Amino acid sequence: MTTAYMKRHLVTYALRLLLIAATVMTTLPANAQNNPYNIKDELYNMYVEAYAARTTAKGLQLSARMYNRAVLLDDRKAQCLAYTLPMSYYYHNRENKLQFFYAVKQLQDIAVKLGYMHYYYFAFTNCVNYYLSDHLTAKASSYINATEDFARQHNDNFGMYMCVCAHGQLNLACRDAYTAIEYFKQALKMAQELVPDADKPNLYRNIATCYAEMYDYTRMYDYAMLAYLNSETSITKMRTLHTVCYSTFMLGKYDEFERYFEIYSRLKGNVNPSSKDSEEAELAILKLLYDGDFNTALKHIMTKRKFIIRSRLLAEYHKLKGDNKSQSETLTSLYHKHIRDCDSVRSLNYDATYARFFNQQLNMKNQRLSSQKQQLENERRASEISNASLKLANTQLTLRNSSLELSRTRSESDLLRLSYRKKILESDKLRAQIAASKVSQSFTDMLSILGAIIVGIIITGAGLWLWTRSKMTADLKDTNNILEYNNLKLTQAKEHAEHANNVKTAFIQNMDNDIRTPLNSIISMARSIADSTNDTPAETLSELNRQLGNSTKQLLNIVDNVIRKT
């Protein structure tokens, strides 16, 4: 990929980004576009309405109403702008040519009177276009030269710029596109350097039209995009969009064509293929071809009177239909017609060109004589200036000596200032060193204090740890002794419980024999005593009581022994 190719695509990408912003701006109302003519908003809205109807009688009425309102509001620029509308009306309606030239003169007179020379040259441009549309190139050339002399006499850069643009239009009408491009590029350079408020979009559009004459649609597209992106008003955008749409269609960029055509439709309104406006009709036919409505498109193509427009549209019709042979034949006849027209125009304007060339030679001779006279006058003035310059030289020498002395004094003061500044820098350096040493000492002291604090913390922590450890050891010993004592008590209790358990076991085992025997004796004795009668001997009762007492004591002894053992 070459550098030129990359640059071209970068430029195209940037233009597309700018186009997005410009597309958004086209949807804003007139007042939102900051009123590019810098007139009162009310008058600007009246101008937009009148411009839309500029080819009808209603446009004349609206322009007169706008002018009267501008006079009432004392808006001089709007007064000039109102006079452009009758000129546009008679430009498109050519039944009476005198009315057109009268409208041109009226606009130029009021422009000179109110001090808005831009509208003077706007009328001049329309007059040139009027001549060229009637193929009066000789009149157009002489009119351009006369206006150029007028602009040069008044040292009017804008007028010179407009004359250069007119020369470009003249060469474009004469089918000399290469020369026209040079004039338009020269005008573009003048616009950038001398005329900042020039109509650059129109220049870009004219250059794009020249490239269309050369069938270079790529460059036509580039300059058409520049024209569109530099347009500030909806009217200017509408004019430039025709060139953009046409170039995109010829390059086969149909998606872009559709997008720009939609923008053009929003600005224009209803786009009619039968419109008297050739540009509007041409775009409408291209849209029919894009939509595939070939029959309707062909019907409108064949109604076009201009051979070139009809042939170009017919070639695109055959191209989209896939009829390469018919397309080739149409383009061949178009090219032949183009060449014949160029030859015809050049032959018709040969005498006028030769006369203009002869007049230019005479003008050059007159200018040469005038320059020689001026040179002699300059030499005389130069001698006077040289004498004055000698006196001035002496004065300058005196001043120079004074300036040298002043320079020497300044140099000494500069040296003293530098020495003082050097001492200040040295003192600052010493002050910085002292501050650095203080900071270093403070840092060292801080480290020492911090170390002492850390050592103290370590020692204190070690002491606390040892004291805590000894206290815990003593507590552990006491706890151990208590545990051993409790363990001993538990052991004794265990032994006592085991002994008691054994005693109880033995008691339970002996209970049946030791306790049952005395109890049985006591029970039998008690029965015997109870069963005794009055006839029973006293000795028997006494023996029974004695045995009962013995058995009772024996039982008591047994129970007492059991209790003591437990």
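This is a predicted model: local features need pLDDT of at least 70, side-chain atom pairs count only at pLDDT 80 or more; totals for chains, interfaces and linings use all residues.

A: Helix α5 covers residues 97–114 and packs against α6 at about 160 degrees, with the axes 7 Å apart. Axes here are lines fitted to C-alpha atoms over the stretch in contact, and angles run from 0 to 180 degrees between N-to-C directions. The crossing is left-handed: the near helix is turned anticlockwise from the far one by less than a right angle, whereas clockwise would be right-handed. From α5, the contact (heavy atoms within 4.5 Å) includes Phe-100, Phe-101, Val-104 and Leu-107. From α6 come, among them, Tyr-120, Phe-124, Cys-127 and Tyr-131. Helices are DSSP runs of H or I with at least four residues, strands are E runs of at least two, and both are numbered from the N terminus.

His-135 sits between α6 (117–133) and α7 (137–153). Its phi is near 60 degrees, positive although His-135 is not a glycine. Most residues other than glycine have a negative phi. His-135 is exposed, at 68% relative accessibility. Exposed means over 50% relative accessible area, buried under 20%, and partly exposed in between (1.4 Å probe, protein chains only). Asn-38 also has a positive phi, about 55 degrees. Asn-38 lies in the loop between α1 (3–26) and α2 (41–52). It is exposed too, with a relative accessible area of 62%.

Phe-124 of the α6 contact is among the residues with the most contacts inside the largest nonpolar core, which has 103 residues. Such a core is a set of buried Ala, Val, Leu, Ile, Met, Phe, Trp, Tyr and Cys residues joined through side-chain atoms within 4.5 Å. Tyr-161 is another of these residues with the most contacts. Beyond its neighbours within four places in sequence, Tyr-161 touches residues including Ala-187, Met-190, Val-195 and Leu-203.

Last, the cysteines. There are 0 disulfides (cysteine sulfur pairs within 2.5 Å). Cys-163 is in none, and its nearest cysteine sulfur, in Cys-165, is 9.1 Å away. Cys-163 is buried, at 1% relative accessibility. Cys-80 is buried as well, at 0%.

Residues are numbered from 1 along each chain as its sequence is written. Local features need pLDDT of at least 70 and side-chain atom pairs pLDDT 80 or more, totals for chains, interfaces and linings use all residues, and side-chain values use heavy atoms, without hydrogens and water.
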